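Let's take a friendly walk through this model. Please have the sequence and the 3D view open as you read.

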Amino acid sequence: MALRRASRAGTAGPVLVGGCPRSGTTLLRTMLNSHPSLAVPHETRFVVPAWRRRDSFGDLRDPERRRDVARWIIETPSSRSERLGIPAGELIELFAEAPPTLGSLMAAAFSRHAERNGKERWGDKRPHYVKNMNAVLGFFPDARFVNVIRDPRACALSMGRIWENFGDIYSAAEVWERSVLAGEAAARKLEPGRFMTIHYEDLVTKPDDTLDRVCRFLDLDTAHIGKMLDYPEGPGLPTGQIYEKATRAPDPEAMHQWRGRLDGAALGFIEHVLAKPMARHGYLPEGDGRRPEAAMLRDFASLRSTRDWEDRRRDLVELKRRFTHRQPPASLVPGPRPATDDLHHEPGTPSKNR
């Protein structure tokens, strides 16, 4: 494998993490945040909403309009902006001083979070980023994206513990399918140095090797993998019962808890409707192969149709914005500069096999 010397030209962009919910994105975020060069906050929720309403903020060449964006983030409870640890007044003035694009404002917030934590590079994690690549790459065109995939049977079991957030078995299967297909589309469209896929099972059973691939892809110093694996001892752990396992070392024994916990109907349904993408990612069927009841297939087809219609409607709105919204969205905040001239391997390609 060819070696190259890390450049000081600031080519290592921000780090974005996404995937299907309950796929291990929080685990990877916590590991990455333990690297001494990278700050990845707990999940925030304002980047994609900002993209979808980017034509409502007015002329961002006016500092007061940029302050308005900060106020919108601060005053929207669902944004979770408090997780950046930036006082409201500081964020407002930070935006006023940032370059006049919406992506620059987003990048300035995450950069300040990294600065406050003594890190030279920033990242962000939210599962549905993988389904909104136009937004995150529109704001951060130099970003590098890590997509996490997990066995859909394990995802469904995990979602089932908190159905109030995810709906039911149909929603679990649909969001897994949509997330995986979006990741596959991004992998085809983007060059290998911009997008990589890892599998949760590899992160749990081969954490050293998997983090080595991730660090090389992201141009992070691999000498700190040990510190990343010691993340339960470090700061910035997620809180709340649904993230309890992400605060402990990976447990390979718990990886297949879905066996014996998913009933036969749920197992057969998932393996039937997701058969093709499961096969592409090495997830083998273990059910009896019986076709699900017709009512289950009708309900799933109806959900798919509804989600497809919602996507088409959103695409039409985005198409309209291309003609009516003329302000450039991309971040103009200067990229980070690597701290050393350490040797790095060229980024590797993701393993698709279990």
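## A leucine to start with

Does Leu316 count as buried or exposed, and why? Leu316 counts as exposed because its relative accessibility is 59%, and the cut-off for exposed is over 50%. Do keep in mind that this is a predicted model.

Leu316 sits in helix α15, which spans residues 294–324. Together with Leu319 and Phe323, Leu316 makes up a nonpolar surface patch with about 340 Å² of accessible area.

## The chain as a whole

Stepping back, the chain contains 15 helices and 7 strands. It has 354 residues, and 50% of them count as buried. The accessible surface comes to about 16,700 Å², with 51% of that belonging to carbon and sulfur atoms.

Contacts also reach along the sequence: of those between residues at least 6 apart, 79% join residues at least 24 apart.

## The parallel sheet

Now to the sheet, which is open and built from 5 strands in the order β3-β4-β2-β5-β6, with parallel pairing. The edges are held by β3 (38–39) and β6 (195–199); each has a single partner strand, so one side of each lacks a neighbour in the sheet.

Strands β2 (residues 15–19) and β4 (residues 121–125) pair in parallel over 3 bridges. Val15 has Gly123 in β4 as its bridge partner.

## Helices on the sheet

Helix α1 (residues 25–33) lies across β2, β3, β4, β5 (144–149) and β6, and runs at about 160 degrees to β2. Helix α5 (residues 102–116) packs on the sheet too, where it touches β3 and β4, and its direction makes about 115 degrees with that of β4.

Terms used: Residues are numbered from 1 along each chain as its sequence is written. This is a predicted model: local features need pLDDT of at least 70, side-chain atom pairs count only at pLDDT 80 or more; totals for chains, interfaces and linings use all residues. Side-chain values use heavy atoms; hydrogens and water are left out. Patches are made of residues with over 30% relative accessible area and no salt bridge: like charges are joined within 9 Å, nonpolar side chains (Val, Leu, Ile, Met, Phe, Trp, Tyr) within 5 Å. Accessible areas come from the Shrake-Rupley method with a 1.4 Å probe; for residues, only the protein chains shown count as cover. A salt bridge is a side-chain nitrogen of Lys or Arg within 4 Å of a carboxyl oxygen of Asp or Glu. Helices (H or I, at least four residues) and strands (E, at least two) are DSSP runs, numbered from the N terminus. Buried means under 20% relative accessible area, exposed over 50%, partly exposed in between (1.4 Å probe, protein chains only). Two strands pair if DSSP finds at least two bridges between them. Contact means heavy atoms within 4.5 Å. Axes are lines fitted to C-alpha atoms, for helices over the stretch in contact, and angles run from 0 to 180 degrees between N-to-C directions.
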